[in-house]
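Let's take a friendly walk through a protein model, one region at a time. Have the sequence and the 3D view ready.

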Amino acid sequence: MMRGAGAGGRYGMGGLATDQSIRNHELSKGTVRRVLAYGAPFKKLIIVFLTTVVLGSALGVAPALLFKEIIDGGVLGRDVSLIIRLSLVVAGMAVLAALLSVIERWCSARIGEGLILHLRKQLFDHVQRMSVAFFSRSNTGKLVSRLQNDVSGAQQAFTSTLSSAVSNVSTLVLVVITMVALSWQLTLAALILLPIFMIPARAVGKRLAGLTKNRMQQQAEMTATMTERFSVSGALLVQLFGNLDTENERFGAQAADVADSGVKIAMTSRVFMTAMMLVASLATAMFYGFGGVAAAREQITLGTLTALVALLARLYGPLMQVANLRVDVMTALVSFERVFEILDLPHPITDREGAVDVTGPVTVKFRDVWFTYPDAKVASLPSLEPAAALQESAGAPVLRGISFEASPGQTVALVGASGGGKTSITNLIARLYDVDSGAVEVAGTDVRGLRLASLRQCVGYVTQDAHLFHDTIAANLRYAKPEASDQELFAALDQALVGDLVRRLPDGLETVVGERGYRLSGGERQRFAIARLLLKAPPVIVLDEATAHLDSGSEHLVQEALDVARAGRTAIVIAHRLSTVRDADLILVVDGGRVVEQGTHDELIGVGGHYARLHARQFTQ
């Protein structure tokens, strides 16, 4: 009997470790309706799932009544045939219950994993389409958590929470009805003991909520430390500037905090479970005491007493879980709500009605462009940003009245001090952001009137920190052209002056470049990025400090590759090293978000203004 009573803990602890604030959370309007809509594709499976749960609950109660008949009619009535028949029925029920359990688990897995698959794909697709402003403001860890933890939490609404609710309610109803039919007096006594279960459960639940929340925070901090230190750049920083003993001590302290909180949670749970088992044992003793007296006086039969004690073991667990049911349901719904919070974020950069493809000569033209980076209220969610970011004031325009034109075969260079707005200008060409006023035109059409896929297919970028995925060289190159053959890959690599290097590698194109391409030198990464650009073959190329931080030898090779890339294309080049843009068709000096000077190298030197001073500083040092 003790083991059965202890099963109450199996039902009750899940809801107890939930943050108490969940109880008072107010769901957004329409959340429940949206949640139910996600279950629609699994309607038939859900019906089968719930049917097996209810039947399983009934099969859990029925044996108690059969045991009553076995004892009263078979054992006491000395009817061997009845004992055999009913024992076989009980055995058959056990087999059926086992089969139903397997079916229930299969349905649960199909529903849960199907729901997770759908939600994750929907979230991933939605997030991928967000603007760059969203990614520049959002905390990556928090965002990934939505695709992992919150989606898994949402899954529980249709699996464990739904199963628990139906199973416990149906079991509770069947048990109470059966117990009342057998002896309403003893049933009433059992229900009177309910507060002895519920009061400690609520008290321990609050403590567990606090301990669990604290442990989750400690684990998050420990995980953040590992993530930062285990990345290539973080590991380099620790190796070059950090103190390994200090790092170990710091991590050890964080891990110790997690371990201590784990011990506290384990002991709190164990004390609670021990107390609950003690109460259950006392209840069982009380039942045997009062029930035994009643059986001795022939007020109830011995079989009835045995059935009541067996049913008692199945009473308290469902009662506790039903009491926590609102918390469990709210926890699952809040997870859905957090998922919806992401899905409901609008995509600020989308195809407008009537958008067309890029056609004709691909010129780039800026007409009196003003631009301000969007703030948190527009670009992101408060829950995805650090608290400090939410206090930021509205930004000022970073571009003020920018106008210029670049035609096919021309190179327009953007120069000036850091923070002047050069990269912001290039970000507008592929419509990574939308302008506040004015217009950016590509091929004679405002980029807001072009299809994004077509626009971004005709614009290619190489930045000073060329990003490569932790994958093979071939996979990184084919990101620009998935159907490219190995011959095409090597043609692009040769043009970027890095083909011979790849041929010398033992694994050739199948060489893994490492996280962010850190197995390669800076110059090699740049040339691979240029090869990727050449494979894409866009009519417009943007080179943002593509030779920055390279040694003279690497810079020379990269510059040669860039000259190949620019040939016949509209090129926008950002450079701090003025030697790399001396031959540009047009040089724009950008300062404070404005074009303060423009012209060729010789013209600007002759003016003796900003450009001349920048040139003098670089070549007189």
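## A pair of partners in the sheet

Start at Lys365, whose bridge partner in strand β4 is Glu441. Strand β1 (residues 364-371) and strand β4 (residues 437-442) run antiparallel and are joined by 5 bridges. Strands count as paired if DSSP finds at least two bridges between them. Helices (H or I, at least four residues) and strands (E, at least two) are DSSP runs, numbered from the N terminus.

Axes here are lines fitted to C-alpha atoms, for helices over the stretch in contact (heavy atoms within 4.5 Å), with angles from 0 to 180 degrees between N-to-C directions.

## How to read this model

This is a predicted model, in which local features need pLDDT of at least 70 and side-chain atom pairs count only at pLDDT 80 or more, while totals for chains, interfaces and linings use all residues. Residues are numbered from 1 along each chain as its sequence is written, and side-chain values use heavy atoms, leaving out hydrogens and water.

## A buried leucine

Is Leu604 buried or exposed? Leu604 is buried, with a relative accessible area of 2%; buried means under 20%, exposed over 50%, and partly exposed in between (1.4 Å probe, protein chains only). Leu604 is found in helix α23 (residues 601-607).

Leaving aside neighbours within four places in sequence, Leu604 is in contact with several residues, among them Ile587, Val589, Tyr611 and Ala612. Leu604 and Leu588 are 16 residues apart in sequence, and 9.6 Å separates them in space, C-alpha to C-alpha.

## A partly exposed isoleucine

Now compare Ile103, found in helix α4. Ile103 is partly exposed, with a relative accessible area of 31%.

## The whole chain

The protein chain has 24 helices and 10 strands. Of its 621 residues, 47% count as buried. Among contacts between residues at least 6 apart in sequence, 80% join residues at least 24 apart.
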